[in-house]
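Please have a look at this structure. My notes are set out as numbered points.

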Amino acid sequence: MKKILITGANGQLGQSIQEIAPNYDNLDFIFVTRKDLDITNQEEVVNYFNKNTFDAVVNCAAYTAVDLAESDEANARLINATATKYLAEQTAKQNIPLIHISTDYVFDGSVATPRLETDQVHPIGVYGQTKLEGEELALAINPKTIIIRTAWVYSKYGKNFVKTMLWLFNEKEEIGVINDQIGAPTNAVDLADAIAQILSKNELTYGIFNYSNEGTCSWYDFATKIKELSQSRIKINPIPTSAYPTAAKRPAYSLLDKSKIKETYQLEIPNWKESLKQSLCNKKGISF
């Protein structure tokens with residue numbers, strides 16, 4: 001049985017891995033929060049790995065407050081880059097794989113074709129820049145690094161677009177949702193399952209990989225589907241990005257090409273509509 005350390009246990013992905021963990025009796029997951037292990041404290045990280053050995057580490061911890069990062073760059077870099085460096089150093093020392101979760105925000109979204117792992121990166125905000133720095137540090141320090149870039153993550157845990165929409169549907173009669181940003185949602189449970197499938201392989205291929213659910217949509221399309229599944233009567237109006245100014249710029253086109261991860265690890269990735277339906281609805285109604 002492989003012993004796997006999961007950081008960021010309280011986040012969307014960390015909790016989603018906990019949800020699917022019982023399905024993988026070949027993997028022994030150890031979940032840590034910041035209280036258990038402060039990955040931004042180098043001495044604490046070194047001491048922890050001196051006392052514990054693992055077969056792999058999955059870094060789900062991240063500073064994901066995209067707008068706040070613009071005015072809180074030091075903390076964003078500490079969590080997204082510096083902490084990743086500390087984990088990379090210790091996993092390299094133990095000669096074990098590090099799976100590090102990254103983002104579509106490493107791209108500027110100016111090219112309207114699905115992004116490949118080899119495409120030129122160009123972050124347009126602090127969040128994307130610090131996540132890119134984390135990628136680069138991990139790859140440089142630990143040759144056994146797997147970077148998984150993902151986008152538009154949602155789950156029944158934490159704060160995310162789906163939960164915000166469901167809340168708004170109960171609070172408002174009419175809302176506006178951006179229709180000129182294009183991408184594909186990622187069900188955190190699907191990503192968690194993909195990570196577990198990768199960890200279950202006898203041989204790993206390292207490098208950068210993309211993962212999101214299949215298909216494409218705008219935020220407006222996403223909201224409209226949530227409305228349909230929740231049977232809400234709210235009116236949703238499509239609006240341009242310019243009508244909803246934010247502190248940080250968002251990539252206009254965030255679609256990721258998943259060919260590499262599907263071929264390398266023989267993954268079957270669900271379409272975003274079907275995955276949303278399965279996660280959002282159960283026999284008792286809305287499950288979120």
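This is a predicted model: local features need pLDDT of at least 70, side-chain atom pairs count only at pLDDT 80 or more; totals for chains, interfaces and linings use all residues.

1. Residues are numbered from 1 along each chain as its sequence is written, and side-chain values use heavy atoms, with hydrogens and water left out.

2. Buried means under 20% relative accessible area, exposed over 50%, partly exposed in between (1.4 Å probe, protein chains only). This core has 30 residues, and F29, I99, I148, I195 and L199 touch the most other members. Helix 6 gives the most, with 7 residues. Helices (H or I, at least four residues) and strands (E, at least two) are DSSP runs, numbered from the N terminus.

3. Another core lies apart from the largest one. It has 26 residues, including L132, V162, L166 and W219.

4. Now take helix 5, residues 161-171. Its buried residues are F161, V162, M165, L166, L168 and F169. They fall within an arc of 165 degrees seen down the axis, so they line one face of helix 5. The arc is that of the directions from the helix axis to the C-beta atoms. The face turned away from this buried side carries exposed W167 and N170.

5. What lines the largest cavity? The lining residues are V66, E70, Y105, I124, G125, Y127, G128, A248 and K249. A cavity is a set of points on a 1 Å grid over the protein atoms alone where a 1.4 Å probe fits but cannot get out; lining residues have an atom within 4 Å of a point.

How values were computed:
A nonpolar core is a set of buried Ala, Val, Leu, Ile, Met, Phe, Trp, Tyr and Cys residues joined through side-chain atoms within 4.5 Å. On a 1 Å grid over the protein atoms alone, a cavity is a set of points where a 1.4 Å probe fits but cannot get out, and a pocket is an open set with protein on both sides within 12 Å along at least five of seven lines; lining residues have an atom within 4 Å of a point.
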